[in-house]
Amino acid sequence: LFTKLEFRNSKKYNNKMEFNSLNFKKIIVIFGDIAILYSSLALTLLFRYGAANFEFSLNSHLLPFSMIFAVWILIFYLFNLYSNKFLKHDIEAIKNFFLAIITNIAFSIFLFYILEPIFKLTPKTNLLIFAFIFAAFNYIWRLFLAKIFISKGLIKRILIIGESKNIPLLAEYLEKNPQIGYEIIFIIENLEKEKFDAIRKMIAQNNIEIIIVDNKTKKDSLAIKFIYNLLLSGIKIIDLSDFYESIFYKVPIEDIEESRLIEQITINRHLYDSIKRFIDVILSLILIIVFLPIIILIFIINKTTPSKPAICRQKRIGKNDKPFILQKFRSMKECGNGPLWTEKNDNRITAFGKFIRYTHLDELPQLFNILKGDISFIGPRPENNELVEMYKQLPYYDIRHLIKPGLTGWAQINYKPSASIEEAKEKLQYDIYYIKNQSLFLDLLILIKTIRYIFISN
């Protein structure tokens with residue numbers, strides 16, 4: 001007999017398999033990049049020194065270049081070359097690829113000269129030859145993988161059942177990004193008993209491998225029993241919200257089931273929380289010491305301007321809805337005067353304020369908030385009380401306050417600052433994804449991506 005427990009357990013297994021399938025593709029690309037890095041180095045040395053001196057030259061170049069390669073992989077990640085869209089060869093992807101190569105060359109030159117006493121090497125010509133060989137072979141490698149992943153034998157054929165408004169968005173995205181590995185064959189809004197036989201036939205004729213089901217369909221006892229029988233025949237059944245989450249790395253709040261959300265969100269993770277707090281304290285102390293001259297300089301500049309004060313102290317809502325005072329260097333003529341959202345070319349922002357906002361130096365005083373424990377480095381951004389009251393009309397908004405807010409977060413690196421209820425809803429979906437998937441590894445990825453956000457995204 002069909003039980004919800006059996007179906008739920010099957011879904012968890014299938015969802016994990018699909019998530020692992022997407023990650024496996026990324027692993028292939030990363031390991032391919034590493035292999036091409038070392039192969040390009042070998043070809044460079046053969047070209048420059050010949051086979052007779054290859055072993056000697058390789059021994060002197062291997063360790064320094066291995067350290068440089070770690071930087072190259074990191075920069076490729078910062079330029080989104082390992083994202084779901086990493087194999088799509090449109091103008092944006094090509095631009096990102098060559099910008100990453102140029103950035104890597106610049107960083108490599110800098111590191112070789114800074115670490116010359118350690119490396120005993122400053123390879124100018126070798127580095128340029130290596131970069132040219134790597135760029136050519138790596139681009140060909142990515143073109144090859146794109147054709148492989150988009151080939152009919154590897155594309156998984158999907159049937160979607162449901163009426164969720166997220167289905168057209170999902171369908172459009174998968175159609176534009178076939179390299180992700182899915183093709184939607186049919187979308188059925190209503191699963192009626194009279195259509196069961198025709199649907200079975202259609203599934204068999206079109207080699208459907210995956211059926212994605214929304215919440216409304218799961219509440220129909222006849223429909224869900226039909227779907228369960230398809231599961232027993234070997235077809236993967238995946239919850240729409242879980243599939244959406246694995247593709248977009250955010251949670252579709254319209255399709256969340258409260259019962260499942262209760263199961264999936266774990267708040268009291270004592271070891272994780274303790275390690276995270278330890279990192280917050282140590283890292284904030286180090287950064288306060290490093291940036292102390294800049295903090296003092298900005299304080300003096302702000303203090304000498306006609307507007308007051310140098311530091312704005314704003315009431316924000318933190319963990320468990322507890323208010324706290326967030327500190328930021330003043331970037332406006334007055335603290336907290338005017339509309340809640342800043343606008344483009346906002347005349348409230350001073351000339352110096354534009355500079356410290358652009359460089360994110362206005363947020364340096366928040367290091368003291370982190371040291372105190374008001375916020376963490378990673379978490380949902382804390383909002384002021386007025387915005388919180390406004391945003392509470394969004395479903396599940398209170399979930400953001402189950403954990404400590406952060407200086408940066410998953411929503412911040414994936415979406416622009418919100419200036420409306422709709423944009424706040426979009427960021428909320430990323431925040432809930434982070435709360436569901438908290439880990440030290442995810443925190444590290446967010447910190448790394450924040451570096452790119454600080455220097456590139458404005």
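**Cavities**

I began with the largest cavity, which is lined by Arg-381, Glu-383, Tyr-391, Tyr-397, Arg-400, Gln-412, Ser-418, Ala-424, Lys-427, Leu-428 and Asp-431. A cavity here is a set of points, on a 1 Å grid over the protein atoms alone, where a 1.4 Å probe fits but cannot get out; lining residues have an atom within 4 Å of a point. The model is predicted: local features need pLDDT of at least 70, side-chain atom pairs count only at pLDDT 80 or more, and totals for chains, interfaces and linings use all residues. Residues are numbered from 1 along each chain as its sequence is written, and side-chain values use heavy atoms, without hydrogens and water.

I noted about 80 Å³ of space in the largest cavity, where a volume is the space filled by probe spheres set on grid points joined across faces, edges and corners. Helix α17 (residues 421-436) gives the most to this lining, four residues. Helices are DSSP runs (H or I, at least four residues), numbered from the N terminus.

I found four cavities of 30 Å³ or more in the structure.

**Helix pair**

I then checked α2 (residues 54-78) against α3 (residues 91-114): they pack at an angle of about 145°, with axes 10 Å apart. Axes are lines fitted to C-alpha atoms over the stretch in contact, and angles run from 0 to 180 degrees between N-to-C directions. In the contact (heavy atoms within 4.5 Å), the α2 residues include Phe-65 and Trp-72, and the α3 residues include Phe-97 and Leu-111.

Technical notes:
On a 1 Å grid over the protein atoms alone, a cavity is a set of points where a 1.4 Å probe fits but cannot get out, and a pocket is an open set with protein on both sides within 12 Å along at least five of seven lines; lining residues have an atom within 4 Å of a point. Helices (H or I, at least four residues) and strands (E, at least two) are DSSP runs, numbered from the N terminus.
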